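Thanks, everyone. Let's get the model up on the screen and walk through a few side chains.

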Amino acid sequence: MRNFPLIKFVILFCIGLIIRQLVFIKISLLILVGLILLIISLTLFKLKKIIDVKSYFNIVQIILIPIIGCLYLSVSMQNSPYYPFDETRIKNAKIYGEVYQIQLEKENQFVLNLNVDSIDVNLNRIYLQDKFLCKIRNTNKNTLSELYDKLRIGNYIELRGTIYQGREQRNPGEFNYQEYLESIGISALFVTEEIDSINILNADADIISNIILTARKEIDKILKDYHTEETAALLRGLILADRTDIDYEVKDQFVNAGVVHVLAVSGLHVGYIVLIFLFLFGRTNIVLRFILTMLGVVFFMFLTGAPPSVFRATVMTIVLLSSFLTVRSYNSYNALALAGLIILLLEPTAIFNPGFQLSFSAVLSIIWLYPKFSKLINESKINNSILKKILLFSAISFSAQIGTMPFTIIYFNKLSVVSLFANIIVIPLIGVILAVGIVTIITNIFSSFITITFASANNLFSDLLYYFVSIMGGGNFSYIPITNFSIYDSIIFYAGLIGLIYYLHKFKSVKPRIILLILIVSIFFVFTKFDDKQLLPDGKLSVIAIDVGQGDAILIKFPNNETALIDGGNANEYFDNGKFVIAPLLQYLEIDKINYGIVTHLDADHLNGYISLIEMNLVEKMYKPPFDSSSFVDILFEGLLKENNVEIKYHKKDTMTIGGCRVYCLNDTNYANSFLLDGNDNSGVHKIVYGKTSFLFTGDIGHKTERILTKLYKNFLESDVLKLGHHGSKGSSCPEFIRAVAPQNAIISAGVDNKFGHPAPEVIQLLEYNKIHINRTDLEGAILYISDGKNIEIINWKKLE
């Protein structure tokens, strides 16, 4: 460390950034503490009894540099973006601003980033300085492509559409999209399908930015014209750093197999680019070859949008090639520290970016651990040269996986057990696909026939890649699900790793080393349990009203750990609550199966989210309304259930006992037929009783069914918690029904600023008049109740996250 002062500065600077972000220390207090420590150390220095000059300056650095990091992040965060409106959705808004980024076109939409300076809303002009992410959608592909080709970075434009706040964390373990947007400088989302309302008011354009944009568009066009859809999506990610066209299930398989890193443009890809450029410029003299390679790598960095991993690899490449040209020694630690410092000076919040963390932890781990593994392999008695090379290659991958393991678990909640083997196959194959992809782009300049030949070969290679990854990552055998892995656990992991590597050299024989390994692993598992928390405790009844927007989804965990899901929310072409909300929540809560699926009725906002869950084999048994042969939706739904071997049961007056809870289905088919109930009024109604506590779930029933239930069940309807019918609409929750149920708490599941106006003001007034505590998903996000059979507790799950 003495010979590498830059590394020391960067480490201390990063500590300052992390302290400022995690501890939220007031800067004035931090400076005061720092000054006090400096005065103390200076006093000790003057006394010349405790510390010498060298120690004094080390103390000064340890104190001052983190303070500089804290100050730097605080200053940079003073103008941090935030959503500037009270309403989460503003319709018919007209925005004005300058285009500063245009993303690649996707099916039926493209995205641009806008520096917005003014907005027209309800005949009022609002002036502001914010960045909006604008989604331009249209089903007419020609019209959309025409606008996409016409727009330039630097154009000043006007658009009319809807302003949205990004989705915040609405459910346990959920990704906070608005927080992410703000971390990359975006204040709000804007969506429009009104292509005709988009006008270019000033056609000024940024020349350099548009050259890069044009290159990206042309490369994207070549990839799509000559490759299959799957290969083009892969190459788009490898060359242009745009993975949005890669299917969600495919990405998940890459995660399970432990090879998702190859889909993100990183040092691996930059390394391949360097080799390709060195080969292409091989006939030039070494100085020109290195200079052209450095220029090529810089162009590739801008072509990809300069994500942290590519920026880091580019800086390290330039330092390495420059050291060769200037005949100076190259130190990987210094190069890595320099790359990190430049990124953090440009954007200090990048240290909290997953890409930054994964990239730098991987490279640092390779630099530190690989020489140790390499030495062990080379000193071994392995005589087979091929086997030795495979082991050395595996050691690189293993080193990177050790370094990134905590971040991988935190962000993906999975630890792949097949990654070591998978990387041996995938990394070389990715290198081939990338190289052939670049050659395909180059050959397109002078020969379509050669381009088609290389593209056809790449289609084969990518098919092999997808097939291999589907085998390695397609089953539950490929990974271990891990939740509740925290920053604290990561610190324990890295401390244990450093201790293991340090003390391993102290022992010469195998036995003490094994004992040391067992000891450190045991300490790790013990200490990482300290901050573990179980959101849904065993032995109790837990009920979560999941926030699925304008829809219903109630997750129930019984005292015996069996689970039920009443409704699955909505799903459409833009968002699937089953796939992106409920399934991740189940994984976060370590729930492998929904034992009792319940669909109250077949409206989209209750049914559609279930489709993905069924296809993912997460549902064991399904309770639904009696089969209606005249309903196309019902025919398709029952076909889906049978196709996935889900047992079908129908709503009828019945009772079950699950884990000490009594579950009552209150649907009386005789009454339903005699009163000709259909649609919402034919929703499944269920009551759960656990000890002295009870819950009543009513689907979308209206006044008609409420009055029937009141007449039929009378006092039996009394429940501690009532899930209001039909999202709190005025057509539900009649006074006599509310009096019969007499709940202490009411759940209203409704979307934020939904177009239906749910819940209705008169329903809220009725609940307040009866002194019923109201919980609303549109205001609070998910709502969690836990019952021990005697009392029901409303849990603030956000404080437990």
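Start with Tyr664. Its relative accessible area is 19%. The cut-off for buried is under 20%, so Tyr664 counts as buried. Keep in mind that this is a predicted model.

What does Tyr664 pair with? Phe716, edge-to-face. The ring centres are 5.0 Å apart, with 80° between the planes. Tyr664 sits in strand β16, and Phe716 lies in the loop between α23 and β19. That is 52 residues apart, so the pair links distant parts of the chain. Phe716 is partly exposed, at 31% relative accessibility.

The structure holds 20 aromatic pairs. Here is another: Phe290 and Phe324. Their centres are 6.2 Å apart and their planes stand at 65°, so this pair is edge-to-face. Phe290 belongs to helix α10, Phe324 to helix α11. Phe290 is buried at 10%; Phe324 is exposed at 52%. There is also a cluster, made of Phe9, Phe13 and Tyr72.

Now helix α4, residues 141-150. Which of its residues are buried? Leu144, Ser145, Leu147 and Tyr148. They span an arc of only 160° around the axis, so they lie on the same side of α4. They pack against β1, β2, β3 and α6. On the other side, Asn142, Glu146 and Lys150 are exposed. At the start of α4, a side-chain oxygen of Asn140 comes within 3.2 Å of the backbone nitrogen of Asn142.

Last, charges over rings. The charged end of Lys217 sits over the ring of Tyr148, 4.3 Å from its centre. Arg137 does likewise over Tyr574, at 3.9 Å.

Terms used
Residues numbered from 1 in each chain as written. Predicted model: local features only at pLDDT ≥ 70, side-chain atom pairs only at ≥ 80, totals over all residues. Heavy atoms only, no water. Buried < 20%, exposed > 50% of the residue type's maximum accessible area, 1.4 Å probe, protein only. Helix = DSSP H or I, 4+ residues; strand = E, 2+ residues; numbered from the N terminus. Arc of directions from axis to C-beta. Contact = heavy atoms within 4.5 Å. Polar contact = N/O pair within 3.5 Å; in protein donor to acceptor, adjacent residues only side chain to side chain. Phe/Tyr/Trp six-rings, centres within 6.5 Å; stacked < 30°, edge-to-face > 60°. Lys NZ or Arg CZ within 6 Å of the ring centre and 35° of its normal.
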